[in-house]
Amino acid sequence: MPELPEVETVKETLKQKLVGKKITDVQVLYPSIVASPTILEFQKRMIGQTIRDMKRRGKWLIFILDEDALISHLRMEGKYFFRTKEDVITKHEHVIFTLDHNVELRYQDTRKFGRMYLVKKEDLDTTKPLIDLGLEPWDHALTVSYLKTCYQKKSLPIKSVLLDQSIITGIGNIYADEILYLCKLNPMKKAKDLTEHDLKQIIHYTKEVLELAIKAGGTTIRSYTSSEGVTGRFQHELYVHGKVGEMCKCCHTTILKTKVGGRGTYYCPTCQK
Ligand SMILES: [Zn+2]
C-alpha cells in the first residue's frame with residue numbers, strides 16, 4: 001500500500017504534468033471506484049473544468065479543479081498513467097480522464113480497492129472523506145499537549161495508535177515501525193503511559209522519517225520516464241521494518257517480528273525495551 005511519502009511523490013509528479021490542463025471527457029469503466037456522487041454527476045461536473053492544483057491530505061490525493069475537488073485514494077494498487085487516445089484500454093484501467101491535447105490520465109487498479117470522491121472545493125475539509133482525518137505531521141497544531149489529550153484514554157499499544165488516522169494522518173505500517181525504533185519505544189507500550197518526552201520524540205521522528213522518505217521518493221522518481229510505477233517503498237532507508245533476523249544498526253541485537261493489532265511489527269528488543 002502506498003504510504004504518505006509515496007502519495008506525496010505521486011502528487012508532485014502529477015502536479016508538474018496536470019496543472020492548467022482542462023478535462024474534456026471522463027469515462028468510468030468500473031463504477032465502484034467512484035464512491036460519490038453518482039457516475040453521471042461525477043462525469044457531468046468534471047467535464048469542462050481545469051486542473052488548478054494538486055494537494056495531499058494523509059494518503060489522499062486531491063485534484064483541485066475550478067469549482068470542485070476530486071479526492072482519490074489509491075488503497076493497495078491504484079496508479080495513474082498517462083496515455084494517448086490511441087492507446088488500447090487495458091482491463092485494469094477503470095477511470096479515464098481525457099485532457100486537452102489528446103492526452104489521457106488513466107486510473108489503473110488491479111485490486112479495485114481505490115476510491116474517488118468529487119466534492120465542492122469549499123467543502124473539502126468539512127465533508128467525507130477528509131473530515132475524519134487528524135493532523136498532518138507538519139501541522140503546527142501537532143503538539144505534546146494535543147497528543148496528550150488524544151492518548152490519555154488509549155490503552156491500546158502505541159503502534160496501533162500511531163496508525164489511527166484520526167489523530168495524526170499519514171503514518172502507515174512501515175513508517176510506524178521506523179518512528180518507534182528511532183524513539184526507542186516498545187511498540188506494545190500503552191499510548192496512555194507515554195511520557196511528555198516520549199510524545200516529543202514521536203512528533204520529532206514522525207516528521208523526520210516521513211521527510212527522509214519523501215526526499216528518497218524525489219530521487220527515485222527521476223529514474224522513471226513518467227509517473228508510472230511510482231510505488232517504490234525506499235526499503236534501503238529502513239532501520240527495522242522488514243528486517244527480521246538482521247542486526248540492529250545501533251546495538252547489534254537481532255531484530256524481531258511480532259503482531260500488534262493484527263499488523264506485522266518489527267522492533268529491536270534491546271533498544272525498544
Ligand atoms: Zn538495538
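Reader: How many residues does helix 1 have, and what does it reach from its first C-alpha to its last?
Author: This is a predicted model, in which local features need pLDDT of at least 70, side-chain atom pairs count only at pLDDT 80 or more, and totals for chains, interfaces and linings use all residues. Residues are numbered from 1 along each chain as its sequence is written. Helix 1 covers residues 4-18; helices (H or I, at least four residues) and strands (E, at least two) are DSSP runs, numbered from the N terminus.

Reader: Which residue with positive phi follows helix 1?
Author: The phi, near 95°, belongs to G20.

Reader: What is the bridge partner of L70 in strand 9?
Author: Strand 5 (residues 68-73) and strand 9 (residues 115-120) run antiparallel, joined by six bridges. The partner of L70 is L118.

Reader: Is V103 buried, exposed or partly exposed?
Author: V103 sits in strand 8 (residues 103-108). A residue is buried if 20 or more other C-beta atoms lie within 10 Å of its own, exposed if 12 or fewer, and partly exposed in between, with C-beta atoms placed from the backbone. V103 has 16 within 10 Å, so V103 is partly exposed.

How values were computed
The expected span of a helix is 1.5 Å times one less than its number of residues. Two strands pair if DSSP finds at least two bridges between them.
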